[in-house]
Amino acid sequence: MPATSSLQIQLTFKNLLVFIFFFFLMHELHELAHIITGRLICGCWGTRDFNVWDICTDCQRQHPLAILATFAGPIFTFIMLWLGRYWLKYGKSNGVKSFGLILILGNMQFGRMYMAATGSGDEVWGLRALFLNHDHSNLQVIKIAAFAIVAIICMPPLITAYKAIVNKRKILVFIGFLVIPLILDTVVILILLNGILLKGLLNQVWIMGTPLLVTAWFILCAVMVSINTGCLSRFAKSTVIG
């Protein structure tokens with residue numbers, strides 16, 4: 001049988017720190033996909049904080065296609081997951097495979113499935129807007145359908161990532177990368193940073209309908225990832241299993 005290339009995640013403090021900033025960066029790019037799509041359809045910027053956004057007033061009534069803004073964030077995330085899967089499976093170098101693994105682990109796949117399972121998240125709200133009966137009689141069907149769709153999209157990249165990882169205590173490492181970044185995202189972004197916005201600090205809206213604090217956070221994450229691209233390519237080390 002041909003040799004199979006597998007990856008051992010290098011669990012250094014610097015690698016993990018850069019990974020968390022990459023995770024935060026992907027979260028913000030997900031939100032940007034929402035608001036940019038809304039701007040292209042509506043012709044104006046809506047409002048937003050770190051995780052809640054809205055299109056500008058009356059846009060949904062005037063432009064039915066504005067619902068696409070709801071799906072734009074998940075579509076961006078799903079593309080990143082499947083691009084990561086492709087690079088992880090077919091990448092020719094350790095760096096490409098390593099970055100593919102980061103794209104899978106760093107794009108909130110578990111969060112998307114968890115939110116869909118609890119009846120929340122972009123996918124559920126988008127399907128509700130399109131298909132919900134006036135009497136809500138099909139709400140449960142919509143929730144189940146949303147979860148099924150999200151799971152079908154997210155599971156193959158996750159399975160590919162799990163099979164590729166060869167660290168000791170593989171299951172714990174894998175679960176840790178699914179759950180811990182989501183917890184940090186909740187604490188740092190949803191609670192801490194949104195809390196700062198609510199207190200009025202750097203909450204002035206300046207470009208793209210975005211508060212100054214959100215833009216400053218985005219720049220910080222982008223800079224941290226950009227100056228540490230070497231960590232991304234060396235995040236996991238190829239090993240050969242004969």
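Student: In which strand does Trp206 lie?

Tutor: This is a predicted model. In it, Trp206 belongs to strand S4, which covers residues 205–207.

Student: What makes Trp206 part of a nonpolar patch on the surface?

Tutor: A patch residue must have over 30% relative accessible area, and nonpolar side chains are joined within 5 Å. The patch comprises Leu201, Leu202, Trp206, Ile207 and Leu212, and together these residues have about 450 Å² of accessible area.

Student: Is Gly84 buried or exposed, and why?

Tutor: Buried means under 20% relative accessible area. Gly84 stands at 0% and therefore counts as buried. The residue lies in helix H3, residues 68–90. Leaving aside residues up to four places away in sequence, Gly84 touches Gly100, Leu103 and Ile104.

Student: How do you know that the span of helix H1 agrees with its number of residues?

Tutor: Helix H1 has 30 residues, 13–42, and at 1.5 Å a residue it should span 44 Å; the C-alpha atoms at its ends are 44 Å apart, so the two values agree. After H1 comes Gly43, with a positive phi near 85°.

Student: What makes Glu28 and Arg48 a salt bridge?

Tutor: The criterion is a side-chain nitrogen of Lys or Arg within 4 Å of a carboxyl oxygen of Asp or Glu. For Glu28 and Arg48 the N to O distance is 2.8 Å, and their side chains meet in a salt bridge. The pair links distant parts of the chain, as Glu28 is in helix H1 and Arg48 in strand S2 (residues 47–48), 20 residues apart. Both Glu28 and Arg48 are buried.

Student: How many salt bridges are found in the whole structure?

Tutor: The search finds 4 salt bridges. One of them is between the side chains of Arg112 and Asp122, at 3.4 Å, N to O. Arg112 lies in helix H5 (residues 109–117) and Asp122 in helix H6 (residues 122–131), so this pair ties together parts that are 10 residues apart in sequence.

Student: Why does Asp122 count as buried?

Tutor: The cut-off is under 20%. Asp122 has 15% relative accessibility, so Asp122 counts as buried. Arg112, at 3%, therefore counts as buried too.

Student: Which residues do salt bridges with shared partners join into one network?

Tutor: The side chains of Arg112 and Glu123 also meet in a salt bridge, at 2.6 Å, N to O. Through shared partners, Arg112, Asp122 and Glu123 form one network.

Conventions: Residues are numbered from 1 along each chain as its sequence is written. This is a predicted model: local features need pLDDT of at least 70, side-chain atom pairs count only at pLDDT 80 or more; totals for chains, interfaces and linings use all residues. Side-chain values use heavy atoms; hydrogens and water are left out. Helices (H or I, at least four residues) and strands (E, at least two) are DSSP runs, numbered from the N terminus. The expected span of a helix is 1.5 Å times one less than its number of residues. Patches are made of residues with over 30% relative accessible area and no salt bridge: like charges are joined within 9 Å, nonpolar side chains (Val, Leu, Ile, Met, Phe, Trp, Tyr) within 5 Å. Accessible areas come from the Shrake-Rupley method with a 1.4 Å probe; for residues, only the protein chains shown count as cover. Buried means under 20% relative accessible area, exposed over 50%, partly exposed in between (1.4 Å probe, protein chains only). Contact means heavy atoms within 4.5 Å.
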